[in-house]
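Please walk through this model one region at a time. The sequence and the structure come next.

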Amino acid sequence: MTDRDSGLRDLAADCCVRVGVDVGEGSEQGGSGTWIAPGAVLTCAHVVPDVGMKVEVGWHGQVLTGTVTDRTPQDGYGNLWPYPDLAIIQVTEPPSHPCAWLSEAPPTGDLLVLGHSATLGEGLRLRAADAHLGGWHEFGNGRLWQFAGLEVVPGMSGGPVLDLDVGAVCGIVTTTVGEGADRGGYLVPIDALRQLPAQPGQHRRHDLLAAHDRFHHRRPAWPRHRGRAVDRLVLPTEEAQFLGLVAELAPPTQDGLLRIYGRFCADNRPPANLLTAYRDLLYALLDNAGPPAQVVWSVVEMAHHLVRAAPQTVRQELHDWITAFAARHRQIEQLQSLRQTMAFIEGHGGVVSIQIVPGSAQAQRFRLTVTVQDTARGHQVFYQDPDAVHTLTDVMQAVSEQLRYALSWLGGSPLIEFVVPVELFDEPFDELTPTRPYLTLGRKYRTVLRDYDRQADELTWHDWQRRWHATSTSPVDVRWITCREHLSQIEFSAELEQRPQTSVIALTRQPSSYAPAIDMLRVALESGLPIGLWRRGACPEHDHAAAHPDCTGQRFYEASRAILTDGEVSDLPEAVRLLRNRIASQCPDPTDRDCHGVVLLYDDPTRTICPLAPIRQPPYQPLEPSP
């Protein structure tokens with residue numbers, strides 16, 4: 001037995017627990033289970049009571065109290081419960097304990113079967129026995145794997161089965177092949193966790209495995225014991241670190257995962273299993289049949305793609321993981337080229353943020369702050385007014401002056417964002433001409449709006465982050481507000497609460513030209529929608545009570561909706577910039593002309609802008625005395 005096998009055996013045994021209603025000394029009642037995440041025990045459905053009921057968990061001489069949170073199926077019959085015969089127990093106030101490393105891959109060969117047995121007459125005591133894989137048997141809507149080489153006795157049900165070849169728990173004991181004979185037993189594979197029932201909006205398997213992955217990222221004892229197998233493209237420690245990092249990302253949609261898989265897979269094979277989490281994406285890419293170098297590169301590209309969706313707390317660590325992984329496989333030059341290319345495409349070389357904030361004592365006076373951000377210099381304040389002293393006309397002039405300096409300082413093609421309250425959304429910021437009289441800001445640079453008010457609104461952050469994340473993991477869900485649509489704020493808020501995947505609000509007319517539209521826009525912003533599209537201009541047909549199907553707003557809808565659904569969300573600022581140039585050309589297409597005055601709200605919550613504190617200046621005093 002190798003040191004590696006010995007260490008894995010000890011870890012697996014340390015994760016094994018007793019389950020029942022009486023787990024005291026000498027008791028012969030109950031079954032087994034294994035820790036799979038902090039406070040979570042995986043066992044068989046047939047050894048626990050109904051969901052919501054209490055159950056005892058015995059571990060290291062401690063008797064712990066747990067609650068059955070998941071059990072499938074709820075009822076069984078005969079000696080063999082229907083597939084998958086799984087249950088989850090959540091222990092109240094769990095002690096510090098280890099967790100088994102789980103593998104959803106099928107068992108491969110030599111196994112270690114753990115559980116509790118009363119064979120020696122001292123009650124249920126921990127037992128470990130070597131076994132070997134003996135094939136599988138289709139059962140219900142799944143597959144039970146058979147092992148041989150030991151006698152499975154009462155009390156072992158729910159115990160972990162360690163696959164010694166891969167160093168992971170591949171399943172749990174469910175039943176014996178035949179009691180009283182050394183004919184082995186059956187195990188339920190870990191993949192059966194996919195059949196745990198979940199309520200709408202829940203991600204039960206995702207939540208369990210995310211907690212499992214976070215644990216092993218923080219405490220990598222098990223991945224280290226799995227060793228460094230030369231035939232693995234991803235080392236066990238690399239695997240644990242990556243899974244722990246992507247566990248911090250919001251649960252993705254299946255459509256979003258399929259899009260990412262199709263973009264980066266090394267061959268054209270569909271994934272063997274349903275993709276429901278980012279961990280599935282990693283294993284699906286590793287299962288590709290392409291050359292090893294190509295498979296490695298698909299993992300690098302996929303991980304690089306996920307950096308953008310990662311929370312700030314783990315983004316740098318994920319970035320470093322990609323670097324180390326690519327370097328180990330001698331692909332660091334390709335990675336550097338990819339990063340440089342994407343930095344140019346996505347505009348990471350520079351961002352100019354222009355904050356225009358009205359004063360509280362004098363609402364018609366504004367305070368201007370200009371900040372610049374690029375890779376080399378980081379985030380710096382370029383210009384800032386001490387107080388709200390400018391009229392709006394003065395602000396526009398000051399913005400043009402400061403932009404000339406900022407653009408010269410940054411070079412390249414930065415993103416220009418105007419961070420303003422909703423009251424200023426109608427201002428034609430993209431039509432400023434800071435560099436050339438014939439070239440507007442919005443035609444030369446990607447120019448967008450951001451909502452100032454929610455930058456410091458902590459109540460909005462969760463929905464804002466979630467809806468932004470949905471833009472990179474699923475098809476864009478757009479909510480159009482038509483010219484005469486009229487929902488109250490309560491009605492529209494109720495609708496958006498039922499559509500958490502909606503990330504874009506689009507209006508067929510200028511928000512301020514129609515009171516219900518501006519009210520609905522405010523609700524959308526406060527509900528976290530990060531992207532918006534509309535045109536500066538009213539709908540004359542509706543304003544003059546001469547509405548008909550081919551109104552100005554309807555034509556804008558027909559002409560612009562493809563912008564929101566074709567390509568990646570990150571392409572929107574550039575798509576709008578090119579649209580503005582087509583409109584300004586000598587003979588624009590009629591559909592492009594219908595988009596004149598197009599405005600893009602593009603509010604990325606992953607890039608903070610350091611909002612200013614509310615302005616509290618004294619009452620306004622004119623600079624010159626009255627005559």
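**Loop, strands, helix and pocket**

Pro-84 lies in the loop between β5 and β6. Strands and helices here are DSSP runs (E, at least two residues, for strands; H or I, at least four, for helices), numbered from the N terminus. The model is predicted: local features need pLDDT of at least 70, side-chain atom pairs count only at pLDDT 80 or more, and totals for chains, interfaces and linings use all residues. Residues are numbered from 1 along each chain as its sequence is written, and side-chain values use heavy atoms, with hydrogens and water left out.

Stay with this loop. A cis peptide bond joins Tyr-83 and Pro-84, with omega about 10°. Pro-73 is found in the loop between β5 and β6 too. The peptide bond from Thr-72 to Pro-73 is cis, with omega near -5°. Asp-85 also lies in this loop. Its phi is near 60°, a positive value in a residue other than glycine. Is Asp-85 buried or exposed? Asp-85 is buried, at a relative accessible area of 2%. Buried means under 20% relative accessible area, exposed over 50%, and partly exposed in between (1.4 Å probe, protein chains only).

Asp-75 has its place in the loop between β5 (62-72) and β6 (86-91). Asp-75 counts as exposed because its relative accessibility is 60%. Asp-50 is 25 residues away along the chain, and the C-alpha atoms of Asp-75 and Asp-50 are separated by 9.0 Å.

Now turn to β1, residues 16-20. Five of its five residues are buried. Both faces are covered. Cys-16, Arg-18 and Gly-20 are on one side, and Val-17 and Val-19 are on the other. Which strands pair with β1? Strand β2 (residues 31-37) runs antiparallel to β1, joined by four bridges. Two strands pair if DSSP finds at least two bridges between them. Gly-31 in β2 is the bridge partner of Val-19. Strand β4 (residues 54-59) pairs with β1 over three bridges, again in the antiparallel sense. There, Gly-58 is the bridge partner of Arg-18.

Next come β7, β8 and β9. Strand β7 (residues 110-117) and strand β8 (residues 125-139) run antiparallel, joined by eight bridges. Gly-115 stands opposite Arg-127 in β8. Six bridges join β8 to β9, and these two strands also run antiparallel. Glu-138 stands opposite Arg-143 in β9. The hairpin of β8 and β9 has two residues between the strands. In this hairpin Gly-140 takes a positive phi near 60°.

β9 (142-148) and α6 (278-286) each supply at least two residues of the lining of the second largest pocket. About 1000 Å³ of space lies in this pocket. Of the 36 residues that line the second largest pocket, the closest to its centre are Glu-104, Ala-105, Pro-106, Asn-273 and Asp-287. A pocket is an open set of points on a 1 Å grid over the protein atoms alone, where a 1.4 Å probe fits, with protein on both sides within 12 Å along at least five of seven lines; lining residues have an atom within 4 Å of a point. Its volume is the space filled by probe spheres set on the points, which are joined across faces, edges and corners. Which element gives the largest share of the lining? That is α6, with four residues.

Arg-330 is found in the loop between α8 (312-328) and α9 (332-346). Arg-330 is not a glycine, yet has a positive phi of about 60°. Arg-330 is exposed, with a relative accessible area of 75%.

Arg-450 is found in strand β17 (residues 446-451). This arginine is buried, at a relative accessible area of 0%. Where does its side chain reach? The side chain of Arg-450 reaches the backbone oxygen of Asp-604 at 2.8 Å.

End at helix α12. At the start of α12, a side-chain oxygen of Asp-457 reaches to within 3.1 Å of the backbone nitrogen of Leu-459. Among the buried residues of α12 are Trp-464, Arg-467, Trp-468 and His-469.

How values were computed: A polar contact is a pair of N or O atoms within 3.5 Å; within protein, one must be able to donate a hydrogen and the other to accept it, and residues adjacent in sequence count only if both atoms are side-chain atoms.
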